[in-house]
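Reader: I have just opened this structure and would like to learn how to read it. Could you walk me through it, one feature at a time?

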Amino acid sequence: MEAAILILALLFVAFVVLGVYVTVKVVGAAKRGVERTVTQARRTVEDTTLRAKSVGQPGVAGQLAQLRLSLRTSMRATQDALHARLAEDESLKESLALFERLSAHGRELDDELRRLEREPDKRTMAARMPGLRERTERITHSADSLRWAALDRARQFADDDLASLSEQIEMESGALRDWSTKGPTNGESVSWGDLSGNPASAQSKPSPSPSPERGAQTRPEPPSQAPQAIGAAEPPVTYPWQKSPRPETTS
């Protein structure tokens, strides 16, 4: 009785622990989904604001917004391209590691550009614009280089696979067309006119003579006999399955 109570208690504790674990996992997944949605919405709003500023605001403020927009667009496109092809090409891990190092410089530059948007001294901002533009171009150029290299690599793999597939298809097509040069493979040349135009001609073709081996196994045809005289004794008919008569011994 005590063992049964102990087993029930252990099962109850196990179910409680399992329920807590499942609840935590579900809540964590839902929280991550909400955070991902919020992040995407914030990113969309920020990109839309930067586009509006780069077009609507003249001067240094518009230039800063344009730099931030080009930086964020290039870095995000490269990140998506590398992560999308990482499962198919393991050699992109090193490229992804280099991109993570580049992303640190990109985030640092983006934070600096964001702070400069609230800078009231327009003259100082104008003096620093050439250096900021150069840094942005260097980072975006490196990111674009990684992205286009990954895209070219994937396209080269696709071209190689397509070329190999085309070669195999051409070989298979040649094998399928081989009947036009070899003809039927059943050992006999069959005329299409015999089969389609005159079916009777195909049926009236003489059948091949049986081989000696097969002739030995088949029942022999009885020989044609000449007409006998009336009252003449007919010779006995012997069959292959009958035993041959033994000769009688005379004493």
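Reader: Which residues have the most contacts inside the largest nonpolar core?

Author: Happy to start there. This is a predicted model, where local features need pLDDT of at least 70 and side-chain atom pairs count only at pLDDT 80 or more, while totals for chains, interfaces and linings use all residues. Residues are numbered from 1 along each chain as its sequence is written, and side-chain values use heavy atoms, with hydrogens and water left out.

Author: Now the general idea: in soluble globular proteins, nonpolar side chains tend to be buried together. A nonpolar core is a set of buried Ala, Val, Leu, Ile, Met, Phe, Trp, Tyr and Cys residues joined through side-chain atoms within 4.5 Å. Buried means under 20% relative accessible area, exposed means over 50%, and partly exposed is in between (1.4 Å probe, protein chains only). Here the largest core has 20 residues, and Leu64, Met75 and Leu132 have the most contacts inside it. Helices α2, α3 (92–117) and α4 (122–176) each supply at least two residues of this core.

Reader: What is leucine 64 in contact with, leaving aside its neighbours within four places in sequence?

Author: A contact means heavy atoms within 4.5 Å. With those neighbours left aside, leucine 64 contacts Leu113, Leu116, Glu117, Met125, Met129 and Leu132.

Reader: How many helices and strands does the secondary structure come to?

Author: Helices (H or I, at least four residues) and strands (E, at least two) are DSSP runs, numbered from the N terminus. The protein chain has 8 helices and 0 strands, so its elements read α-α-α-α-α-α-α-α from the N terminus on. Of its 251 residues, 17% count as buried. Among contacts between residues at least 6 apart in sequence, 65% join residues at least 24 apart.

Reader: How many salt bridges does a search of the whole structure find?

Author: A salt bridge is a side-chain nitrogen of Lys or Arg within 4 Å of a carboxyl oxygen of Asp or Glu. The search finds 11 of them. In one, the side chains of aspartate 110 and arginine 68 meet at 3.0 Å, N to O. Aspartate 110 lies in helix α3 and arginine 68 in helix α2, so this pair ties together parts that are 42 residues apart in sequence. Both of these residues are buried.

Reader: How far apart in helix α3 are aspartate 110 and arginine 114?

Author: They are 4 residues apart, which means a separation of about one helical turn. Their side chains also form a salt bridge, at 3.1 Å from N to O. Aspartate 110 has a relative accessible area of 8%, whereas arginine 114 is partly exposed at 26%. A network of salt bridges links Arg68, Arg72, Asp110, Asp111, Arg114 and Glu117.

Reader: Which residue forms a salt bridge with aspartate 152?

Author: That is arginine 155, with the closest N and O atoms 3.1 Å apart. Both residues lie in helix α4, 3 residues apart, about one turn of the helix. Aspartate 152 counts as partly exposed at 36% relative accessibility, and arginine 155 counts as exposed at 52%.

Reader: Is threonine 78 buried or exposed?

Author: Threonine 78 is buried, with a relative accessible area of 0%, and it is found in helix α2 (residues 60–86). To read its polar contacts, look for a pair of N or O atoms within 3.5 Å; within protein, one must be able to donate a hydrogen and the other to accept it, and residues adjacent in sequence count only if both atoms are side-chain atoms. The side chains of threonine 78 and arginine 147 are joined by such a contact of 2.8 Å. A polar atom of the threonine 78 side chain also lies 2.9 Å from the backbone oxygen of alanine 143. Not counting residues up to four places away in sequence, threonine 78 touches Phe99, Ala143, Asp144, Leu146 and Arg147.

Reader: Which residues make the nonpolar surface patch?

Author: Patches are made of residues with over 30% relative accessible area and no salt bridge; like charges are joined within 9 Å, and nonpolar side chains (Val, Leu, Ile, Met, Phe, Trp, Tyr) within 5 Å. Ile7, Leu8, Leu11, Phe15, Leu18, Tyr21, Val22 and Val26 make this patch of about 840 Å². Accessible areas come from the Shrake-Rupley method with a 1.4 Å probe, and for residues only the protein chains shown count as cover. Valine 22 lies in helix α1 (residues 2–56) and is partly exposed, at 41% relative accessible area.
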